[in-house]
Amino acid sequence: MSESPTTNPNGRVRKVVIVGGGTAGWMVAAAFSKVLGPAGMVIELVESEEIGTVGVGEATIPQLLHFNQLLELDENEFVRATQATYKLGIEFVDWRRIGDRYIHPFGSYGIAMLGVDFQHFWLKGRRLGEMAPLDAYSIAAVAARQGRFLRPIPDQTRSPLSKISYAFQFDAALYARYLRRYAEARGVLRTEGRIVDVHLAGERGLVEAVSLSDGRRIKGELFIDCSGFRGLLIEQTLRSGYEDWSGWLPCDRAVAVPCARIEDPIPYTRATARPAGWQWRIPLQHRTGNGYVYSSRCVSDDEAAATLLANLDGEPLAEPRVLRFTGGHRRRPWVGNVVSMGLASGFLEPLESTSIHMVQSAIARLLTLFPSARFEQPEIDEYNRQTILEYVNVRDFLVLHYKATERHDTSFWNHCRALSPPVGLERKLKLYSTNGRIVRDKDELFTETSWLAVMAGQGIEAAGYHPVVDLIGDGETLARLADVRAVNQRAASLMPRHVDFLAGSQHPLAVPQ
């Protein structure tokens, strides 16, 4: 057994204890077993089958590919094991007004010209009467609408097919199971048991061990709290505090239910605005994931469940499950020798499929700032600064979806329309509204494509565009825009149907390369 932090003050951390399983816990276990396991690190995960896991999100963003590459996963095996489908973006329905829809695509729009971002040429085109939707300039959006998918073909450098960016939609429970097999095969110890006590030691009050209901005592040096909303270590024991953002993010509950798959899965997630929030639809190979994220101030749990059940594609496969949450984050995600991840660290609704990414980025951040057994404060402070900044950036992007609406049909949307935006969002709105400029802060998760997709998709108009665009004549501008649309249509037509690609991925040699 490793020594406790109080008896190993100057050495390296030799044992990590992960409190809680689920997606977050097993992501940590898998990554640590790959990176730290070969160096002799002992990794033990403690979870209880008595305590359920929360899996509100089954959709991801392209950054997950980096995590899979770190683990050296075979993508076809991963897709089979998790019943995954491919994802080219998110379709937003009824957000600006009822009847409107647009896709927030992965990748980029068009091509930059004269060193100027593409949206400026699109904005000029609109002034010249070219009203083709922004979706037409994204290969991901065009392919998504056609139900097609293909992994990028890097050697076709002049084709949009070389620039395809994608993510996955998968069964979160199967994903956790898959990562558990991966981690245990690399030496991670899994201990079944319910934690009933946490033991602190030393002047700094570092966690020394946790006790289980059967009397066993699990010691460690670094503890990763993946215990979900309750934050067993980070909050119940160390009192980190919580930053409540419900003033900006009005939804505080979700009701979730899977349903039978009745059609070929589409290669994108759908978010449909509802009277008191929004509904997700995530198509998997074996079923469809559904949920209604809503404000309890505007609708009851029973009414929300009824709305969700009335808007399913197929027969429900379980009883609706209600989840309660408060949007925000721990004020100190890392305290002493405890680092919180997943729901224990904070929660931002899955509107842009960021839940799994937040775990992934926390793992990468901790590996970069991995401590010695001294647990020095400068590293802790830097980790907390970066983590909170990421939460702030994601929050601002989510608030944009609610703020930028013309809907006035319910009290919920009237409230959203009147929201006072956070400072960072207000700055971005002013820059875009003036001359179509989008400034991405350093290390910010969401790209210029993302901000443009939602701003334009939800009706924010830019008064002008970059003056360099006028160096190209009006006729040439329109011709170039038409060429981008035509190239995207041709490229998408060469891609296989998503369902056919999935069928091929069950046999690795048959997958188009």
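Author: In helix α1, Thr-23, Ala-24, Met-27, Val-28, Ala-31, Phe-32 and Val-35 meet Ile-356, Val-359, Gln-360, Ile-363, Leu-366 and Leu-367 of helix α8, where contact means heavy atoms within 4.5 Å. The residues of this contact divide into 11 nonpolar, two polar and no charged, with Ala, Val, Leu, Ile, Met, Phe, Trp, Tyr, Cys and Pro counted as nonpolar, Asp, Glu, Lys and Arg as charged, and the others, Gly among them, as polar. The model is predicted, so local features need pLDDT of at least 70 and side-chain atom pairs count only at pLDDT 80 or more, while totals for chains, interfaces and linings use all residues. Residues are numbered from 1 along each chain as its sequence is written, and side-chain values use heavy atoms, with hydrogens and water left out.

The axes of α1 (residues 22-35) and α8 (residues 355-368) come within 10 Å and cross at roughly 35°; such axes are lines fitted to C-alpha atoms, for helices over the stretch in contact, and the angles run from 0 to 180 degrees between N-to-C directions. The crossing is right-handed, that is, the near helix is turned clockwise from the far one by less than a right angle. Helices (H or I, at least four residues) and strands (E, at least two) are DSSP runs, numbered from the N terminus.

Turning to the strands, seven of them form an open sheet with mixed pairing, in the order β5-β4-β14-β15-β16-β13-β17; two strands pair if DSSP finds at least two bridges between them. Because β5 (101-105) and β17 (321-324) stand at the edges with a single partner strand each, one side of each is left without a neighbour in the sheet. The twist averages 20° from one strand to the next.

Another open sheet has three strands, in the order β8-β9-β10, with antiparallel pairing. Its edge strands are β8 (195-201) and β10 (217-219), each of which pairs on one side only, and neighbouring strands are turned by 25° against each other on average, direction ignored. Strand β9 (residues 206-212) pairs with β10 over three bridges in the antiparallel sense, with Ala-209 standing opposite Lys-219 in β10.
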